[in-house]
Amino acid sequence: MFARGLLLSSQGFLFILLPGYVMFLILRRSPATDRTLVWWGTGGLLVALLPMNFVSSLARQILASSPGAYSRALQFVIPALWAGIFVEGMKYLVLRYKRLEGAALVPSGIAVGLGVGLITKIFLGFAMIGAGMRLILGDISTPLLAQMAATPLAELSLAAVASLVDRLALLLFNAGLGALVGLSLQRRKWIFLGYAMLIHAGIELTYNLIMVGLDGQGLLPTILALIFEGALILIVWQYLNKQLSSASVQTKRKRMTSR
């Protein structure tokens with residue numbers, strides 16, 4: 001039980017702190033970017049959560065009153081669409097409000113996206129630390145703690161890795177879509193904002209369907225989620241590198257022409 005509690009507590013600390021280090025690695029590629037945009041993204045998400053959750057809950061209640069295959073499908077699709085519209089729309093509004101121009105827009109969009117990813121699910125990390133400490137002290141007074149105490153250590157370890165990959169995937173995913181929103185403003189084309197909203201909705205819907213469709217089937221949902229999110233991290237990381245390199249080249253050209 002002590003080993004399980006220690007694993008869960010360590011998982012919670014890494015869950016909270018690891019995104020900060022990854023964020024530092026990304027932002028140091030663009031030293032001129034205003035770091036306060038990270039907190040604008042965090043604050044913007046907190047503001048967007050209330051109407052987003054209200055509309056999603058209302059839609060679920062309306063759809064639940066008319067059971068059927070289409071109604072059940074829409075209960076997954078509509079919340080995912082609203083999440084894409086509200087979150088990516090918030091990033092767009094933040095960048096418009098800051099009145100940024102040119103090559104600064106894409107790195108700034110990445111910073112706003114990092115702020116969104118930084119706060120998402122962060123309280124789950126604190127819950128992990130608390131549950132781990134209780135297990136270390138031998139407390140199994142709740143069904144969840146008793147289940148964790150009875151779970152094989154190898155299975156808990158895999159779940160810990162999956163949760164950290166999930167956290168990084170959320171961080172990079174939001175940063176990548178922030179770059180796409182910045183590109184929408186830079187090129188003055190709404191289509192990129194639409195892409196960001198649809199990609200956000202599609203990824204969230206896919207993940208939810210994996211977890212719900214394979215509920216109760218042992219380690220399979222965890223393994224599939226791990227593969228899905230690992231692939232997402234690799235794709236987004238390459239996209240971020242490409243966008244940051246392009247923004248850096250544009251900034252250097254602007255400095256040379258201004259001399």
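**Close-up views of helices H3 and H7**

**View 1. Crossing of H3 and H7.** In this predicted model, the axes of helix H3 (residues 69-97) and helix H7 (residues 153-187) come within 10 Å and cross at roughly 50°. That angle makes H3 oblique to H7 (under 35 degrees is roughly parallel, over 145 roughly antiparallel, 65 to 115 roughly perpendicular, and the rest oblique). H3 passes H7 in a right-handed crossing, meaning that the near helix is turned clockwise from the far one by less than a right angle. Axes are lines fitted to C-alpha atoms, for helices over the stretch in contact, with angles from 0 to 180 degrees between N-to-C directions. Helices are DSSP runs (H or I, at least four residues), numbered from the N terminus.

**View 2. Residues between H3 and H7.** From H3, Val87, Glu88, Lys91, Tyr92, Leu95 and Arg96 meet Asn174, Leu177, Gly178, Val181, Gly182, Ser184 and Leu185 of H7. The residues of this contact (heavy atoms within 4.5 Å) divide into 6 nonpolar, 4 polar and 3 charged. Here Ala, Val, Leu, Ile, Met, Phe, Trp, Tyr, Cys and Pro count as nonpolar, Asp, Glu, Lys and Arg as charged, and the others, Gly among them, as polar.

View 3. Ser163 is found in helix H7. Ser163 counts as buried, at 12% relative accessibility (buried is under 20% relative accessible area, with a 1.4 Å probe and protein chains only). Leaving aside neighbours within four places in sequence, Ser163 is in contact with Gln11, Phe15 and Met128.

**Notes.** Residues are numbered from 1 along each chain as its sequence is written, and side-chain values use heavy atoms, without hydrogens and water.

Note on methods: This is a predicted model: local features need pLDDT of at least 70, side-chain atom pairs count only at pLDDT 80 or more; totals for chains, interfaces and linings use all residues. Helices (H or I, at least four residues) and strands (E, at least two) are DSSP runs, numbered from the N terminus. Buried means under 20% relative accessible area, exposed over 50%, partly exposed in between (1.4 Å probe, protein chains only).
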